[in-house]
Amino acid sequence: MDTNALLTSAIEAAILAGQKIMEIYTDPASDFQIEKKADNSPLTIADRCAHQIISDCLEKLPYPILSEEGKHIPYQERKGWQTLWIVDPLDGTKEFIKQNGEFTVNIALVSDGIPVLGVVYVPASRLLYFGDEKNGAYKIAINEDRYTSKTDIDRWRQQAVHLPIKTNRPYTAVASRSHLDKETEALLADLKREHPDLITTSIGSSLKICLVAEGSADIYPRNAPTMEWDTAAGHALLRAAGMNMYRSGTNIPLRYNKEDLHNPFFIVLNN
């Protein structure tokens with residue numbers, strides 16, 4: 001399948017999942033059916049429903065799916081996957097529960113360990129980020145109350161904002177809403193000395209990566225645990241926008257479908 005067809009399928013899956021997430025999010029009778037996973041992170045009915053919708057969409061395509069909410073697939077099986085989807089059906093579950101709108105649907109296509117195509121959808125604001133290494137990165141608002149029509153990806157690129165956006169603004173760092181560690185606080189203090197007008201923005205989920213990809217922020221350091229599905233889609237957007245995501249203290253980009261699905265600590269820089 002060509003890139004446009006794969007990207008179209010990923011966009012449609014993300015938006016449909018986002019619609020279901022918002023049905024649950026806005027239902028005054030919903031208790032979110034919160035559970036605790038083995039790592040003590042929360043899981044809601046929205047995570048499970050979004051996972052099922054995305055799986056139903058992507059299972060029609062020729063590549064296997066690695067999803068946060070899917071079954072844990074042994075590395076002996078995964079290591080033979082040259083190309084695969086890496087999915088977080090609801091990134092920012094804590095933000096979803098807090099009802100601050102800072103949660104996303106993340107879908108990435110990874111080839112030989114490199115994220116080559118990515119979609120990040122923000123259901124609460126209907127903002128869609130999408131991109132691939134050949135055609136670049138874009139941002140567009142989804143105006144339809146109910147998404148039903150097929151995506152015309154070429155038309156969407158024409159109507160969307162091409163990323164990154166060049167703006168005159170103070171040096172801007174972005175940090176996690178729920179996971180701000182001492183190392184990051186120290187780095188922000190160093191940046192403040194180097195850039196006295198430094199602005200620090202705290203936000204949840206993969207929106208942190210999107211802010212750098214779109215040109216609204218310059219740096220996102222992460223010295224706390226993350227998983228591959230937390231970053232793969234945002235990393236694909238960064239690459240499509242001419243940027244990258246590196247292991248902290250190195251110029252080595254993050255890799256995917258590793259035996260250990262934890263990411264190393266990393267830094268995102270707006271070039």
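This is a predicted model: local features need pLDDT of at least 70, side-chain atom pairs count only at pLDDT 80 or more; totals for chains, interfaces and linings use all residues.

**Exercise 1.** Decide whether Thr184 is buried or exposed, and find what Thr184 touches beyond its sequence neighbours.

*Solution.* Start with the location: Thr184 belongs to helix H6, which covers residues 182-194. Next, take the relative accessibility, which is 2% for Thr184. The cut-off for buried is under 20%, so Thr184 counts as buried. Finally, leave out residues up to four places away in sequence; Thr184 then touches Pro221 and Asn223.

**Exercise 2.** Pro221 leads us to strand E12 (residues 219-222): which residues lie on each of its faces, and are they buried or exposed?

*Solution.* Recall first that side chains in a regular strand alternate between the two faces of the sheet. Now sort the residues of E12: Ile219 and Pro221 are on one side, while Tyr220 and Arg222 are on the other. Then check burial: these four residues are all buried, so both faces of E12 are covered.

**Exercise 3.** Work out how strand E14 (residues 266-269) pairs with E12 and with strand E13 (residues 244-247).

*Solution.* Begin with E12: its pairing with E14 is antiparallel and has four bridges. Within this pairing, Tyr220 sits opposite Val268, and Ile219 has Leu269 as its bridge partner. Turn next to E13, which also pairs with E14 in the antiparallel sense, over four bridges. Here Tyr246 has Ile267 of E14 as its bridge partner. Put together, E14 pairs with both E12 and E13.

Definitions and conventions
Residues are numbered from 1 along each chain as its sequence is written. Side-chain values use heavy atoms; hydrogens and water are left out. Helices (H or I, at least four residues) and strands (E, at least two) are DSSP runs, numbered from the N terminus. Buried means under 20% relative accessible area, exposed over 50%, partly exposed in between (1.4 Å probe, protein chains only). Contact means heavy atoms within 4.5 Å. Two strands pair if DSSP finds at least two bridges between them.
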